[in-house]
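Look at the structure below and keep it in view while reading. The paragraphs that follow go from a pair of helices to the core, and then to a few points in the backbone.

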Amino acid sequence: MLVPGKIQHIICTGNLCIKEVHDYLKTLCPDLHITRGEYDEETRYPETKTLTIGQFKLGLCHGHQVIPWGDLDSLAMLQRQLDVDILVTGHTHQFTAYKHEGGVVINPGSATGAYSSITYDVNPSFVLMDIDGLRVVVYVYELIDGEVKVDKIDFKKTTTTTAH
Amino acid sequence: MMTGVAEDEDKWLAAGIAGLQQNAFYMHRAMDSNNLRDALKYSAQMLSELRTSKLSPHKYYELYMRAFDELRKLEMFFKEETRRGCSIVDLYELVQHAGNILPRLYLLCTVGSVYIKSKEAPAKDILKDLVEMCRGIQHPLRGLFLRSYLSQLSRDKLPDIGSEYEGDADTITDAVEFVIQNFTEMNKLWVRMQHQGPAREKERREKERSELRDLVGKNLHVLSQIEGIDLDMYKDTVLPRILEQVVNCKDEIAQYYLMDCIIQVFPDEYHLQTLEVLLSAFPQLQASVDIKTVLSQLMERLASYAALSSEVLPEFLQVEAFSKLNSAIGKVIEAQPDMPVVGAVTLCSSLLKFSLHVHPDRLDYADQVLGSCVKQLSGKGKIEDSKATKQIVALLSAPLEKYNNVVTALKLSNYPCVMEYLDNETNKVMATVIIQNIMKNNTHISTADKVEALFELIKGLIKDLDETLHDEVDEDDFKEEQCSVARLIQMLHNEDPEEMFKIICVVKKHILTGGPKRLSFTVPPLVFNSLKLVRRLQGQEENPFGDDESTSTKKIFQLLNQIVEALSSIPAPDLALRLYLQCAEAANDCDLEPVAYEFFTQAYIIYEEEISDSRAQVTAMHLIIGTLQRMHVFGVENRDTLTHKATGYSAKLLKKPDQCRAVYACSHLFWVDDQDNLKDGERVLLCLKRALRIANAAQQMSNATRGSTGSVMLFVEILNKYIYFFEKGNPQITVASIQSLMELITTEMQSDTTTQDPAADAFFASTLRYIQFQKQKGGAISEKYGTIKLSDS
């Protein structure tokens with residue numbers, strides 16, 4: 001799956017840290033969207049980013065700027081501020097996916113299982129999103145005790161929350 | 001001049017071919033009419049073309065091949081003649097009447113072939129006669145081709161065991177004798193070519209010799225095909241005779257080629273059993289022979305032989321292959337004191353590979369080889385010759401590739417000694433090879449001792465090996481190197497906390513010698529690896545009876561403090577601040593209030609003194625506030641001090657919007673969800689009001705400088721914070737306050753002087769939608785919002 005040509009967009013919350021990782025992601029897919037984490041050596045990544053894919057508006061932010069860290073209500077505020085259906089943030093190294101009336105908040109977790117002061121026992125994880133019309137299916141891949149576990153979550157967008 | 005010669009040669013060749021073809025034509029006519037006399041006459045004339053001295057080996061070969069083809073037809077004719085009643089013995093005698101010796105001998109061999117097939121005399125007798133008659137041609141080129149002809153004809157007619165020409169009890173000896181004699185004579189002729197002609201044409205002669213070498217080597221191949229030769233015969237007769245000729249000919253080209261031939265052509269099993277004899281020949285060879293290549297070939301073949309099947313291994317032990325090879329190499333090096341370093345190292349490298357393949361469990365053998373390498377290199381200082389350096393790298397890489405486990409390589413005591421001889425650049429390359437090997441194999445380097453040994457080995461990457469400034473170091477390369485060291489540090493692990501702590505201490509010791517350029521790469525992974533250890537120990541309570549020596553989280557934090565402090569030498573304040581905050585949070589989780597406070601102090605000092613870039617300050621504030629918000633370990637006083645400072649910094653950020661946002665973020669410092677005693681509604685409201693004042697001030701500033709009051713974005717943000725705390729149950733935040741803020745925003749948005757901001761509009765709209773949704777939700781939350789009025793927009 002993680003070979004060049006299969007993925008159309010990569011959305012990355014940040015803390016790739018070094019250019020080498022950035023370049024690697026670019027080989028998987030040239031359409032790479034990334035926001036700045038506090039350990040990124042590239043200072044020119046933006047703090048937040050929005051993009052449209054199909055019928056969905058997506059927002060991206062590392063998450064250390066949203067206090068309290070990992071707090072759903074504060075993240076929902078950011079979601080309202082960016083005016084997006086799907087908000088993707090990170091920083092906590094813990095996969096979460098919340099659905100609320102305003103849309104969806106996703107945290108793909110840490111792809112490397114890196115240490116976090118916020119989460120104990122980080123399992124490496126990433127998320128694959130399949131956007132089709134008004135529906136998005138979120139597949140989460142987690143490496144737990146040496147095995148890859150996959151879960152999926154469905155979201156359907158109601159037309160009232162579309163274009164403003 | 002050379003082209004002139006080549007052109008002439010083509011002319012002579014063409015003439016030779018023409019002559020040959022013409023005589024062949026008449027020969028065919030004679031054969032068709034069963035005219036033996038004429039057939040002989042014209043065949044002799046035809047063969048006379050081969051008497052030429054004018055052709056190079058390459059061209060002579062062309063002529064020879066045509067003659068060869070014609071002679072096949074002649075041979076068939078001779079066979080027919082004997083069926084028609086001609087006596088083969090008479091024919092054998094008849095052809096010797098040919099005028100010139102070369103044609104005579106070609107004809108004799110051809111008849112000889114038919115004679116042997118007729119079985120009227122033992123094969124051995126005819127072969128003996130032929131091989132001795134060929135002595136008549138002493139010209140190297142002509143002699144070689146003649147004897148090659150003999151060899152080709154005789155190949156399937158040797159009195160081998162099981163062949164139709166098998167003779168009496170000595171039949172194999174006879175066959176061997178014939179081939180060896182032909183071989184010996186051919187080699188002599190071949191060697192003689194070296195000295196024919198003027199010295200200035202030596203290069204050309206050597207090239208021509210090279211073209212002919214397979215003619216000589218073919219004889220050895222024939223020997224290897226003789227069924228009747230068993231190991232004993234090979235050992236007692238065949239090999240000694242061949243080696244005798246090889247050594248005695250004293251010719252560099254022949255010796256190199258033939259030794260190689262022997263090794264290629266005879267089975268590895270034989271080599272193993274005759275190892276001593278074979279090896280004893282090497283020191284007797286001419287000094288200029290490239291022995292190391294041949295020896296390496298031999299060792300490689302034997303290594304492959306060992307790899308084929310494990311049944312073979314006991315043989316290696318039985319013949320003491322390793323020690324024989326080892327001492328042979330020693331003798332060779334001794335015999336050639338002028339051998340360049342690359343030669344000695346290549347030999348060691350081949351022997352090492354041999355040892356690794358054949359005796360993988362004998363680390364002492366491998367270490368021995370490395371030891372001899374060190375001996376060879378001693379006194380030479382850092383090796384400059386790039387070929388030698390490459391060989392040393394190959395030598396050092398071999399155990400890594402074989403065992404796929406650096407820890408095994410670490411057991412070789414001479415390994416680091418060899419590395420010492422590499423120049424700094426190559427040392428780093430080798431260190432990188434080692435790290436890559438660890439990564440690829442996920443090698444577990446589990447004790448402090450091994451880590452110490454490893455870091456000693458890779459010290460070229462850890463610190464500057466010499467004092468000279470390295471301006472030539474490419475920045476990208478340097479970064480790549482350091483990142484691989486960082487990855488290595490992350491990989492170090494031991495389940496036992498005591499041992500893990502020791503490992504961390506070892507790594508710290510080494511990376512602190514790295515200098516400012518390296519610390520920003522090496523400190524973070526060590527810090528995070530240490531924090532992982534802290535987390536592991538967290539669960540365990542401090543043992544009041546435990547001794548002071550045991551690892552405790554306190555000790556690790558002391559170490560962490562020293563490690564992060566090292567960053568000040570670069571300086572790297574942003575990184576240091578982040579790491580101090582990480583440590584603070586970890587200390588918080590361990591309930592170590594003074595330690596956490598100390599880390600916060602350090603972070604604050606860095607913020608005050610070293611972070612002056614506005615953007616960096618904003619990020620730093622996010623991290624400080626975010627971390628502080630999560631602290632539960634602080635008592636009231638400490639918490640107050642830190643919070644007060646944080647809000648102070650927030651209010652002093654350069655840009656008003658940044659100030660506003662930082663200040664309202666600070667509101668969360670006074671309200672922590674899971675701790676009831678940390679819910680100070682009043683101070684929350686104070687923060688939000690302060691944020692409002694700053695937002696207002698921003699509007700006024702904008703009005704003053706740009707003539708319009710700027711966007712209402714900040715107000716909408718603050719409104720959302722009001723909502724947040726309202727929903728959390730902060731009694732200080734009333735529906736009325738929310739309502740009035742909403743009205744304020746609406747008014748501002750409708751004012752002419754306000755900058756239009758679609759983003760702010762959208763944010764406000766979605767905020768209103770949210771409130772609406774909450775109102776309609778039902779239950780407690782709905783009640784809370786009950787009295788709120790939303791405008792129609």
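Angles under 35 degrees count as roughly parallel, over 145 as roughly antiparallel, 65 to 115 as roughly perpendicular and the rest as oblique. The model is predicted: local features need pLDDT of at least 70 and side-chain atom pairs pLDDT 80 or more, while totals for chains, interfaces and linings use all residues. Residues are numbered from 1 along each chain as its sequence is written, chains are lettered from A and ligands numbered from 1 in the order in which they are written, and side-chain values use heavy atoms, without hydrogens and water.

Begin with helix H5 (residues 101-118) and helix H7 (residues 140-154) of chain B, whose axes come within 10 Å and cross at roughly 10 degrees. Helices (H or I, at least four residues) and strands (E, at least two) are DSSP runs, numbered from the N terminus. Axes are lines fitted to C-alpha atoms, for helices over the stretch in contact, and angles run from 0 to 180 degrees between N-to-C directions. H5(B) and H7(B) are therefore roughly parallel to each other. Where they are in contact (heavy atoms within 4.5 Å), the residues include Leu105(B) and Tyr106(B) of H5(B), and Phe145(B) and Leu146(B) of H7(B).

Next comes the interior. A nonpolar core is a set of buried Ala, Val, Leu, Ile, Met, Phe, Trp, Tyr and Cys residues joined through side-chain atoms within 4.5 Å. Buried means under 20% relative accessible area, exposed over 50%, and partly exposed in between (1.4 Å probe, protein chains only). The largest nonpolar core has 289 residues, and Leu223(B), Phe354(B), Tyr415(B) and Ile434(B) have the most contacts inside it. Helix H8 (residues 171-193) of chain B gives the largest share of this core, 12 residues. Leaving aside residues up to four places away in sequence, Tyr415(B) touches Leu370(B), Pro399(B) and Ile434(B), among others.

The backbone has some details to find. A cis peptide bond joins Ile67(A) and Pro68(A), with omega about 0 degrees; Pro68(A) is in the loop between strand S4 (56-61) and helix H2 (72-82) of chain A. Another cis peptide bond, with omega about -10 degrees, joins Ile570(B) and Pro571(B).

Lys119(B) is not a glycine, yet has a positive phi of about 65 degrees. Lys119(B) lies in the loop between H5 and helix H6 (123-133) of chain B, and is partly exposed, with a relative accessible area of 44%.
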